[in-house]
Amino acid sequence: MPKGLSDTKLKFEVIINNIEDGVILIDDQQAIRLYNPGASKICGWPIDEATDVAASTVIKLVDEKGVVIKDSDSPFSVIFNTGQTIRDGKAIILNRDGKQVPVSLSVTPLFNDANEVTAAVAVFRNVSQERAEEKQRADFISTASHEMRTPVAAIEGYLALALNDKVSTIDTRARDYLDKAHSSTQHLGQLFQDLLTSARAEDGRLTSHPKVVELGSFLEQLSGDLRFVAEKKNLFVEFVSGSSGTINASKSTGGERVVRPLYYILADPDRLREVITNLFDNAVKYTPEGKVTIGLTGDDKVVQCYVQDTGPGIPADDVPHLFQKFYRVDNSATRTIGGSGLGLFISRKIIELYNGRIWVESQVGKGSSFYINMPRLSSQKVTELNKVAGNTPGVEPVNSLASP
Ligand code: ADP
């Protein structure tokens, strides 16, 4: 042991100066008071230059799109308001050379006797290697599921031909077996598709072609397309828009039409259809009887759509995990009803692409409501976007916009 190592301060310095992790201490003005060589290696700022400088200048955090996080949103500032430890396993530091370094970051508050946050300690570790390995795994899943979809599509096609009276002759027993094989193949095809989409969603390669979408007419049309699935199960379907009432309830005569506000958002309509269809299919799949409602409402800033059912509901313990990959509630219904647990994960990733939020409110025995909030486009923004994109098909003339 080097001479003097029994001294606590010296031990502390040896550790701080030799660990690979970045360690910094910031004061209540968010200025750096201690900055170790590990931090210097990750951020690219020499120790003497970083000391006394604002933490958010030296440790410049960016989001996954590479946009610098505002000072007021940075954990070095937030910690002084919340007094809660902040952990972010997916943080990214933009170092002094402009290179993005993925880090796992935690910021812990230090309190005085009056329980005020007077300083904070941040520890961060370079996780480039872990991220590269994750990417390799995601690439493998993505390539494998892509390759496997082709033969599955061929099998499905041939089974469909075998089941087609016009091209094949089969006896009744064989039809029954082939029917089962056909639906399992369709299920397998969907599973590969979901695996592919979720792998792409994870590494930010989900394709998206955002357009101006008027959510009212979009959802009205989509609920018209989707209702047949529900009606096969004798479920009532309705589409409710704004506070102005129900439009086009199935099984109602004529479907009363009412004036409603126009809710414009910016999103890829195909991706949006994927999300609503998934929520709707789940509602139908898990609801034995009753009603499925697709609803739309909003205010000046936010558009909210929801899919509500009168099904079994979701236990409170499962709710926080529902949007994670492969998560399925373990009950008799999910054991008999097929599914991969990928649908809600993919839905969340898609909604987050458009700066939206998706969540569920549910009561066991009463039903579930899945909500989506997305930023509402102002009429001015719609006009600007339409000018840029030319006349976007499906978008109503701007002068017909109600509000905001
Ligand atoms: P999957 O339906 O393929 O299992 P999802 O990711 O779409 O996967 O859903 C995850 C889980 O959430 C389901 O397995 C089910 O347990 C639960 N769930 C989703 N929607 C509903 C619903 N409307 N009612 C009750 N449970 C639901």
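Helices (H or I, at least four residues) and strands (E, at least two) are DSSP runs counted from the N terminus. The model is predicted, so to speak by record: local features need pLDDT of at least 70 and side-chain atom pairs pLDDT 80 or more, whereas totals for chains, interfaces and linings use all residues. Residues are numbered from 1 along each chain as its sequence is written, and side-chain values use heavy atoms, without hydrogens and water.**View 1. The largest pocket of the model holds about 1,400 Å³ of space.** A pocket is an open set of points on a 1 Å grid over the protein atoms alone, where a 1.4 Å probe fits, with protein on both sides within 12 Å along at least five of seven lines; lining residues have an atom within 4 Å of a point. Points are joined across faces, edges and corners, and the volume is that of probe spheres set on them. The lining of the largest pocket numbers 44 residues, and Glu64, Lys90, Glu202, Gly204 and Lys349 lie nearest the centre. Elements that give two or more residues to this lining include strand E4 (86–94), strand E5 (100–111), helix H6 (128–163) and helix H7 (172–202). H6 gives the most, seven residues. By class, 21 lining residues are nonpolar, five polar and 18 charged; Ala, Val, Leu, Ile, Met, Phe, Trp, Tyr, Cys and Pro count as nonpolar, Asp, Glu, Lys and Arg as charged, and the others, Gly among them, as polar.

**View 1. The second largest pocket has a volume of about 1,100 Å³.** It is lined by 47 residues, with Asn278, Asp281, Asn282, Lys285 and Tyr286 closest to the centre. At least two lining residues come from each of H7, helix H8 (215–232), helix H9 (269–286), helix H10 (332–336), H11 and strand E14 (367–375). H9 has the largest share of this lining, with 11 residues. The lining of the second largest pocket comprises 21 nonpolar, 18 polar and eight charged residues.

**View 2. The ligand sits in the second largest pocket.** For this, more than half of its atoms must lie within 2 Å of the grid points. H9, H11 and E14 are the elements that give two or more residues to the shell around the ligand, and H9 has the largest share, five residues. There are 20 residues around the ligand, and Asn282, Asp309, Arg328, Ser340 and Leu344 come nearest; a residue is near if one of its heavy atoms lies within 4 Å. The shell has nine nonpolar, eight polar and three charged residues.
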